[in-house]
Amino acid sequence: MAAAAAGLSWRRVSSFTGPVPRSRHGHRAVAIRELVIIFGGGNEGIADELHVYNTVTNQWFLPAVRGDIPPGCAAHGFVCDGTRILVFGGMVEYGRYSNDLYELQASRWLWKKVKPQAPSTGSPPCPRLGHSFSLYGNKCYLFGGLANESEDSNNNIPRYLNDFYELELQHGSGVVGWSIPVTKGILPSPRESHTAIVYCRKDIGSPKMYIFGGMCGCRLNDLWELDIETMTWSRPETKGTVPLPRSLHTANVIGNKMYIFGGWVPQSTGGEISTHDGEWKCTGSFSYLNLDTTEWIGLISDGQEDKSNSLPGPRAGHCAVAVGTRLYIWSGRDGYRKAWNNQVCCKDLWYLDTEKPPAPSQVQLIRATTNSFQVKWDEVPTVEGYLLQLHADSPVPSVAGIPATGVSETSVLSSQGGSSLHQSPQSLPSVPYPEVKVDHPCPTNNVIPNNVQVSLSSNSLLKVEGKEKVAASENKITQEIVKNHADATGFKKSNAPSLLPVCTSSPQTSVNVGELHDLDKRTVNPDATVSSTVSSTQSMVTQQAVKTESSSTNGAVVKDETSLTTFNSKSEAAETACTMPSTRVNTGQTNDSHSSKPPLRQMAPVKTRDRQWYDVGIFKNNSAVVSQFYLLPEETMSVSNKMESANVPDYRLLKKQDLFPGTVYRFRVAAINGCGVGPFSKISEFKTCIPGFPGAPSTVKITKSVDCIHLSWEPPSSPSGNILEYSAYLAIRSTQLQENPSQLVFMRIYCGLKTSCVVTAAQLSNAHVDCTSRPAIVFRISAKNERGYGPATQVRWLQGKVSARCG
């Protein structure tokens, strides 16, 4: 089956930075979130360094390891349990094998030699190489391998093994000991350089270990299954074409598929397979076993790799590791070169997206202006970009009536659907409204915004403060794996305390202020923090509504200080006044003029079924500033409506439409990887601001004392007149929430001219803990001028483990 027909799109990583490890074979790799960690292997000597590759930043680095650093080894066991890695056995020099066990705590890059107890019956595992070492739960399963029958390492007498051991792990660190499980059925035959994976079906829930292939004097392609609960071995029946016999291949589970790549296979001559010595070759064939149906599916046939430079070349002894649904392959040997009669190791790094990405979170609003939105959404791992779309409550004028307007360009994906990135900054066009002054530049799609961080002072006060802009290479680094490197890796020691603001995935867009999560379970992601301490809600509160109990505006009902304010979730995130740089897709045009024409007049609303989704563009990162969108030619509109994942058009051929003030827009976003455009997110609804109202207060800080907390903020940078007063609100528990969990109920806790207030312990005891994403207490602050109250700034104060109060 051709790779293109199978929907495969291998990508070779051509640009990476940092100390690239020398090519090798017999090495092993595991993934900890976005990091690929490689150890061992050999090529002109056995390698003993630990190399790490950041798949997000395309950066290699050498962590400063310490402790009981193991010697270099090859064909060893290598498994990952959370943020600790276990290494067992392998070849430490020619003819000399190991049965030592080492543990690496990747959170500190600390090695420790571990001495497990011997089994109660029998001997511990003998020194070996080419064994399989698989993790499930708190146990590792060791099977087979190759031992040296001779005590003299120079006199290598191979002995193939099929012994089976269980290693029980302690929680966090350390091991209990080896045991020899009593199994039923027939053990797989002795072998080395095979693969083993563990898979648990969702519908049955019984974990199974699968062993495939290997070497025992000749290559094998038999499949064995072990039911881990009953410890029963069996030979499952399979459908489809079984891959050729092989050894030194790789097997990785992604979803319900076991992907088999490469290895040594028999040389085919005249349609027959020869098994004599010297008639073996490396392969680049690629197939998978559907573990639910036990059907083999061939993706790249043997020999096909020779006809294309778009596929990884033949190799054996390489490493393969899954990062999310993406498969990475690095190095390995490509067989014997007849001219020199020696092995040559590959230097290339490849990846393959095995399925379309999942839907991102709902689009979240950071801020709105009269004619733009700054929006974001949660990152989706291992994607190449995001397609953002919108539609308006009002019909969009025809293409012929819209002049093209030029705006500043930011880094986006090529409109031709490739993965190349373009950046062509221009001077910003003039804007008709004053900009909100923020404590950092407005971000573009290729610049990491200043992060918001909570620091813990000596007197236990919490405050939110801006951090310096971080380089793109510091993105998405798991803080538990960050070490104090002074080199060019960009990895720095974390001195973050127990609280850190992170963005929310709930429909209520807000700044989260709260916990630093347990990093064995979650990632604290600098790139995911909001770009400022302000985000907005669409609840515009008028002066009349404050004084009376019945008036309401935009879904908000505001009563007196002891009464409640309810906000409908449908109107949760819009009007604030900050004019940000516009965003457009790079079209390659250089003479795109700036238009000074005002936006066209809005038309009458249209029925829901007539709404058309329009592309805002394709963005590399998970944020965008939206001031325009692309208009499709009329003849393609009806087609596009039916095809949510249609091919991305050539944006250079499309006209652009500016956003209108006071208009509701609905947004959705889909992630893109090598398999195409994934499903769209749930729809979010935001409204552009109405001119004349004050912007939202900014730079909100929260400091905590023994019996209260202090809220402070800065005035809006676009007050549109004199600020007459501020109001602060606290989301509280209410029976209304039980009936409609998406509708928060707020009580006003402050009204006055000061830019700060105290929230008492009594008030906090009545607070609602919002659990739409991470548990948080929600505050809102808004400013009032002569026209009335503008949009509220919403702040989410993360609360840690308070799940009992959720809901």
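Q: At what distance from the ring centre of tryptophan 613 does arginine 668 lie?
A: In this predicted model, local features need pLDDT of at least 70 and side-chain atom pairs count only at pLDDT 80 or more, while totals for chains, interfaces and linings use all residues. Residues are numbered from 1 along each chain as its sequence is written, and side-chain values use heavy atoms, with hydrogens and water left out. A charge sits over a ring if NZ of Lys or CZ of Arg is within 6 Å of the ring centre and within 35 degrees of the ring normal. Arginine 668 lies over the face of tryptophan 613, and its distance from the ring centre is 4.2 Å.

Q: Over the ring of which residue does the charged end of lysine 257 sit?
A: Here the charge belongs to lysine 257. At 5.4 Å from the ring centre, its charged end sits over tyrosine 288.

Q: How many aromatic pairs does the count come to?
A: Rings of Phe, Tyr and Trp (its six-membered ring) pair if their centres lie within 6.5 Å; planes under 30 degrees apart are called stacked, over 60 edge-to-face, and the rest tilted. Some of these ring pairs join up, linking Phe16, Tyr53, Trp60, Tyr328, Trp330 and Tyr351 into a cluster. Under this rule, the number of aromatic pairs is 31.

Q: Why is the pair of phenylalanine 39 and tryptophan 111 tilted?
A: A pair of aromatic rings is described by the distance of the centres and the angle of the planes. The centres of the rings of phenylalanine 39 and tryptophan 111 are 5.5 Å apart. The pair is tilted because the angle between its planes is 50 degrees.

Q: How many residues apart are phenylalanine 39 and tryptophan 111, and in which strands do they lie?
A: Strands (E, at least two residues) are DSSP runs, numbered from the N terminus. Phenylalanine 39 belongs to strand β3 (residues 35–39) and tryptophan 111 to strand β10 (residues 110–114). The pair thus connects distant parts of the chain, with a separation in residues of 72.

Q: Is tryptophan 111 buried or exposed?
A: Buried means under 20% relative accessible area and exposed over 50%, with partly exposed in between (1.4 Å probe, protein chains only). Phenylalanine 39 has a relative accessible area of 1% and is buried. With a value of 2%, tryptophan 111 is likewise buried.

Q: How many residues apart in sequence are the parts that phenylalanine 373 and phenylalanine 686 tie together?
A: The rings of phenylalanine 373 and phenylalanine 686 form a tilted pair, with centres 6.1 Å apart and planes at 55 degrees. Phenylalanine 373 is in strand β33 (residues 373–376) and phenylalanine 686 in strand β49 (residues 684–687). Phenylalanine 373 is buried at 0% relative accessible area, and phenylalanine 686 is buried at 2%.

Q: Which residue in β5 is the bridge partner of valine 52?
A: Strand β4 (residues 50–54) pairs with β5 in the antiparallel sense over three bridges. In β5, valine 52 has as its bridge partner phenylalanine 61.

Q: How many of the ten residues of strand β56 are buried?
A: In a regular strand the side chains alternate between the two faces of the sheet. Both faces of β56 are covered, with Val778 and Arg780 among the buried residues on one side and Ile777 and Phe779 among those on the other. In strand β56 (residues 776–785), the number of buried residues is ten.

Q: Which residue in β57 stands opposite arginine 780?
A: Strand β52 (residues 725–731) is joined to β56 by six antiparallel bridges. Nine bridges join β56 to strand β57 (residues 788–798), also running antiparallel, and a hairpin connects β56 to β57 through two residues. Opposite arginine 780 stands glutamine 794.

How values were computed. Helices (H or I, at least four residues) and strands (E, at least two) are DSSP runs, numbered from the N terminus. Two strands pair if DSSP finds at least two bridges between them.
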